[in-house]
Amino acid sequence: MAIRQLSETLINQIAAGEVIERPASAAKELIENALDAGATRIEIATSGGGKALLRVSDNGSGMDAADLELAVRRHCTSKISETLEDIRTLGFRGEALPSIGSVARLSIASRRRDSAGGHEIAVAGGKIAHLRPAAANPGTIVEVRDLFFATPARLKFLKTEKAEAGAITEIVKRMAIAFPAVRFVLSGSDRTTLEFPATGDDHLTRMAQVLGKEFRDNAIALDAVREEIALTGFAGVPTFNRGNSAHQYAFVNGRPVQDKLILSAIRGAYAETIPSGRHPVAVLSITLDPALVDVNVHPAKSDVRFRDPGLVRGLIVGAIREALARDGSRAATTGASDMLRSFRPGFQPHAQRPQTPWSAETSPSRPYQPTTGFGERPQASFDGLSMPTARAEPQFSPQPAAPEPNARYPLGAARAQIHANYIVAQTEDGLVIVDQHAAHERLVFEAMRKALHSKRLASQVLLIPEIIDIPEEDCDRLMQHAAELSELGLAIERFGPGAIAVRETPAMLGEVDAHGLIRQLADEIAEWDTASGLSAKLEYVAATMACHGSVRSGRRLRPEEMNALLREMEVTPGSGQCNHGRPTYIELKLSDIERLFGRS
């Protein structure tokens, strides 16, 4: 077949297949153009999920007649000249408007601030109409109707109107976070109006508008620099997590991106702090020389490539982990709210009751007879306990430090142990409920992780080695990593073809369930064992060992032991959640308690 030149309309439609995938893609391109024009107010209106109508209005610099005629032509832009080494705008390819015009009905009305009147141009299915004068306010109004009417096949791949409208909402949210000084309004017949008032330089307030006011109370500020690459933003405490990664926002030089490297770094930074299937909430902004990042990877400009990806990943992981170690041990404020919602009043005088004969056993006015809780029989076990204080010497640390006189402790003083598993402590302005097993598990893990980077962990020799029968292939895997396990204080030997002899266990774990520990280690190594061996995953092994050697649920603690646990939690990084990411304590303020009793 002979080679021939494609028509301009067909070229634009091919480009539209990459640039404009759905209505949200068109919205993104138009909002970027408005921001590049210096707009401080952007209004987006949609109908039919953006398929029937998408209108973006701004108060930016506007365009004159000559600019309008070039704007709808391919590869015409005012944002770059001869090089891609110094891109400082959101758009630069000059493809968005002609691509939209080739598959939809596009009209643009614009006026410069210093112009007496505006102009309008229209494009329908790639055909450009004549420019004409138009009444317009300073700025630009871009209207897109009947998206993909010129390429009906693309319409079949779009989702429901509700899903497409939701995708546009997500685009607006990302832009709003990136540009807090801009007011965004999203409205239309297919949605309720969403408005983000401008917050100036107050990024956290804008994030609270988008992510909810709880994010403000559960966010840790990030501010780190490494080799002229700066990272700022906010990371949520580990116990403030979500069921998907939609609440993770990343920006590179102000550009919203969905980069796999950044998302992977966020996951790595929160390792061992968030439960499986849950995702952290974070907003990261990376600033660097434009020459060190390539934003021209994909026509949609949502992916970037860093010249030194290892440096960027290390910066993100290091900054988040440092922030979590500094301030991430506190519990999420949502924990108390969940606790309050779990309370149900036992007597509701205005509730509708069935018409049944009265009886003393079912009457709401009957004497209260608890079957569980703090009745006389359950409470009798606390009679032998002395009143605890917050001045106990820590006994969960190899080198306990004496508390300062008149010191005030964030986790307060232990007052009781409930069901041999939960410690209730009184603070200055409320109470704290601690899961003793989860808390001690975290303390042991942090101690083991710290020791990993300094020396071999101390071990205790078993008087009689424990023999554990496991499949031969599991024995082989464990023995391949016997040296690494020995660094953790776990000494094992082969005992026949299908058995392992445990001769030493880590001293800090005390009494260990060796059978359960060995079997779980064998399962984990079988799942993620690689040629690099266990050395890169020793922290995971340490977490498993810490779980098997921590204070067990059901063990009664003395008051001094409970207080020692609280004091250690206060000085241990990441103590707000266990190795599996579950919270170790929940704080309930006195105001919350008074609200339960109607005193506030």
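Is L222 buried or exposed?

1. In this predicted model, L222 is buried, because its relative accessible area is 6% and the cut-off for burial is under 20%. The residue belongs to strand β10, which spans residues 219–226.

2. The surroundings of L222 can be listed once neighbours within four places in sequence are set aside. L222 is then in contact with L231, T232, G233, F234 and A235, as well as with L284, A319, I320 and A323. L324 stands 102 residues from L222 in sequence, while their C-alpha atoms are 9.9 Å apart in space.

3. The largest nonpolar core comprises 90 residues, and I42, F184, F215 and I262 have the most contacts inside it. Helix α10 (residues 309–327) is the element that gives the most to this core, contributing nine residues. Apart from it lies another core of 17 residues, including C475, A482, V502 and L521.

4. For F215, with neighbours within four places in sequence again left aside, the contacts are L204, M207, F234, G236, F240, V281 and V283.

5. Helix α6 (residues 161–178) packs with helix α7 (residues 203–211) at an angle of about 165°, and their axes are 9 Å apart. The two helices are therefore roughly antiparallel, since angles over 145 degrees fall in that class. Their crossing is right-handed.

6. At this packing, α6 supplies K173, A176 and I177, which meet H203, R206, M207 and V210 of α7.

Note on methods
Residues are numbered from 1 along each chain as its sequence is written. This is a predicted model: local features need pLDDT of at least 70, side-chain atom pairs count only at pLDDT 80 or more; totals for chains, interfaces and linings use all residues. Side-chain values use heavy atoms; hydrogens and water are left out. A nonpolar core is a set of buried Ala, Val, Leu, Ile, Met, Phe, Trp, Tyr and Cys residues joined through side-chain atoms within 4.5 Å. Buried means under 20% relative accessible area, exposed over 50%, partly exposed in between (1.4 Å probe, protein chains only). Helices (H or I, at least four residues) and strands (E, at least two) are DSSP runs, numbered from the N terminus. Contact means heavy atoms within 4.5 Å. Axes are lines fitted to C-alpha atoms, for helices over the stretch in contact, and angles run from 0 to 180 degrees between N-to-C directions. Angles under 35 degrees count as roughly parallel, over 145 as roughly antiparallel, 65 to 115 as roughly perpendicular and the rest as oblique. A crossing is left-handed if the near helix is turned anticlockwise from the far one by less than a right angle, and right-handed if clockwise.
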